[in-house]
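The text below is meant to be read alongside the sequence and the structure.

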Amino acid sequence: MRNFAKSLAALTAISALALTSCGREDAGTDTGTDTGTAAASTCEGFEDGAAIGVALPQKTSENWVLAEQLFNEGLSDAGYEPSVQFANGGVSEQQAQINAMITNGVEVLVVGAIDGAQLGNQLQQAKDAGITVLAYDRLLTNTENVDYYVAYDNFKVGELQGQALLDGLAERKGEAPYNIELFAGSPDDANAQVFFDGAMSVLQPKIDDGTLNVVSGQTAFDQAVTQGWKAENAQKRADTLLSGNYASEDLDGVLSPNDTLARAVLTSVKAAGKDIPVVTGQDSEVESVKSIVAGEQYSTINKDTRDLVEHTITMVEGLGACEEIEVNDTDSYDNGVKTVPAYLLEPQIVTEENAADAYADDPTLSEITK
Ligand code: BGC
């Protein structure tokens with residue numbers, strides 16, 4: 001999906017500037033020629049009081065719940081009228097919500113998709129109505145009607161998880177070889193494959209050289225997925241893996257793509273009466289940070305939602321003012337139809353060792369790690 005080798009370089013590279021759509025264009029001045037770069041002069045922008053739609057997925061992790069609150073507060077403070085909605089009922093509910101946002105005249109649509117490939121009709125209507133579309137956290141795929149992507153660097157998240165698993169095994173489980181199992185996120189979320197690929201870029205060479213042994217043999221993404229990012233699905237698969245493969249073996253480590261699934265795996269392991277393996281995570285959820293401090297879950301990823309939402313709102317303001325929108329990656333996120341200009345933030349690995357530091361300015365988490 002992306003050219004990963006360039007990810008780090010792209011992040012540190014000087015920001016490229018992308019000039020695609022910019023608020024509503026003035027249909028009256030359209031000369032009928034499409035040069036592929038909507039000229040800033042046709043940009044009408046938008047002002048205080050403009051409606052901004054934010055379509056969020058299901059509440060599959062705490063970061064989404066926090067995003068709801070931060071978008072409502074931040075967009076209101078910036079003078080806009082936010083409409084922030086979850087689609088706990090699934091894809092068709094999210095489609096209906098986006099339809100309604102378009103009808104209600106939003107200037108910008110910020111979309112955290114449940115299934116990034118299922119919004120083609122809605123995004124076409126948004127484009128026809130001159131609405132700018134920002135893919136938030138998760139890429140929108142198979143459509144040309146997405147203007148920007150704003151997210152933490154997903155491949156880097158996977159790399160950090162893979163490396164944390166190796167570090168944790170060396171720290172807590174003595175000499176190699178180690179028995180491990182692999183978990184991935186929900187296959188309808190474009191991020192899930194990217195997290196997995198990032199992790200496997202670190203782990204596969206260690207599987208190949210015998211340092212790591214995936215006892216179940218389930219090393220393919222399709223075998224490792226967790227539908228809907230649901231804890232119960234990960235727990236069920238962990239139960240099955242343990243009873244089928246670990247009757248007389250230790251399970252030393254588990255690649256888990258996020259904290260919700262990490263805790264599900266730990267629940268399963270404890271129920272099976274096995275020693276606690278090294279388990280990775282992501283999202284810095286409260287219960288997982290507690291678990292890390294207590295020496296159980298090994299790692300998580302700090303992707304501060306405050307920074308991601310703040311940056312997204314900065315983009316919205318730039319669109320309103322007809323400014324050029326800053327991006328720092330223009331070649332990684334090919335969505336199947338186009339390469340979406342992206343602004344990527346840098347994720348951070350967190351273990352017991354650096355937790356106090358990492359969360360020093362987080363009012364909730366610093367209470368746990370201080
Ligand atoms: C987000 C993760 C989150 C997962 C489940 C992903 O798209 O990037 O941070 O853990 O969704 O909610």
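Leaving aside its neighbours within four places in sequence, which residues is Gln94 in contact with?

## Gln94 and the chain as a whole

In this predicted model, and with neighbours within four places in sequence left aside, Gln94 is in contact with Ala55, Leu56, Pro57, Ala87, Gly112, Ala113, Ile114 and Leu119. The residue belongs to helix 3, which spans residues 91-103, and with a relative accessibility of 1% Gln94 counts as buried.

Among contacts in the protein chain with a separation of 6 or more, 73% are made by residues 24 or more positions apart. The accessible surface of the protein chain is about 15000 Å², and carbon and sulfur atoms account for 46% of that area.

## Aromatic pairs

Across the whole structure, a search returns 6 aromatic pairs. One of them is formed by Phe71 and Tyr136, whose rings are arranged edge-to-face, with 5.1 Å from centre to centre and 70° between the planes. Because Phe71 lies in helix 2 (residues 62-77) and Tyr136 in strand 5 (residues 132-136), this pair ties together parts that are 65 residues apart in sequence. Phe71 and Tyr136 are both buried, and together with Trp64 they form one aromatic cluster.

Phe195 and Trp229 also form an edge-to-face aromatic pair, with a centre-to-centre distance of 6.3 Å and an angle of 70° between the planes. This pair links distant parts of the chain, since Phe195 is in helix 6 (residues 190-208) whereas Trp229 is in the loop between helix 7 (221-224) and helix 8 (231-245), 34 residues apart. The relative accessibility of Phe195 is 4%, so this residue counts as buried, and Trp229, at 7%, likewise counts as buried.

## Surroundings of the ligand

The ligand is surrounded by 14 residues, of which the closest are Ser61, Asp137, Arg138, Asp189 and Asp283. Arg138 places a polar side-chain atom 2.7 Å from an oxygen atom of the ligand. For Trp64, which is also a member of the aromatic cluster with Phe71 and Tyr136, a polar side-chain atom lies 3.0 Å from an oxygen atom of the ligand, and for Asn191 a polar side-chain atom lies 3.0 Å from an oxygen atom of the ligand. On its own the ligand has 310 Å² of accessible area, and the protein covers 100% of it.

## The loop around Thr226

Thr226 is located in the loop between helix 7 and helix 8, and its relative accessibility of 2% is why it counts as buried. The side chain of Thr226 reaches the backbone oxygen of Ala184 at a distance of 2.7 Å. When neighbours within four places in sequence are left aside, the residues in contact with Thr226 are Phe183, Ala184, Gly185, Ser186, Pro187, Asn233, Ala234 and Leu261.

Phe183, one of the residues in contact with Thr226, also takes part in an arrangement with a charged group: the charged end of Arg237 sits over the ring of Phe183, at 4.5 Å from its centre.

## Tyr80 and its contacts

Tyr80 occupies the loop between helix 2 and strand 3 (81-86), where, at 9% relative accessibility, it counts as buried. Although Tyr80 and Glu47 are 33 residues apart along the chain, their C-alpha atoms are separated by 7.9 Å. Apart from neighbours within four places in sequence, Tyr80 is in contact with Phe46, Glu47, Gly49, Ala50, Ile52, Leu75, Val316 and Glu317.

## Backbone details

The peptide bond that joins Ala176 and Pro177 is cis, with omega at about 5°, and Pro177 is found in the loop between helix 5 (154-172) and strand 7 (178-182).

Ser284, a residue other than glycine, has a positive phi, near 55°; it is found in the loop between strand 10 (278-279) and helix 10 (286-293), and at 8% relative accessibility Ser284 counts as buried. Cys322, again a residue other than glycine, has a positive phi near 55° and is placed in the loop between helix 11 (305-320) and strand 12 (325-327). Cys322 has a relative accessible area of 23% and is therefore partly exposed.

Conventions: Residues numbered from 1 in each chain as written. Predicted model: local features only at pLDDT ≥ 70, side-chain atom pairs only at ≥ 80, totals over all residues. Heavy atoms only, no water. Phe/Tyr/Trp six-rings, centres within 6.5 Å; stacked < 30°, edge-to-face > 60°. Helix = DSSP H or I, 4+ residues; strand = E, 2+ residues; numbered from the N terminus. Buried < 20%, exposed > 50% of the residue type's maximum accessible area, 1.4 Å probe, protein only. Lys NZ or Arg CZ within 6 Å of the ring centre and 35° of its normal. Near = heavy atom within 4 Å. Polar contact = N/O pair within 3.5 Å; in protein donor to acceptor, adjacent residues only side chain to side chain. Areas by Shrake-Rupley, 256 points an atom, 1.4 Å probe, with all protein chains shown as cover. Contact = heavy atoms within 4.5 Å.
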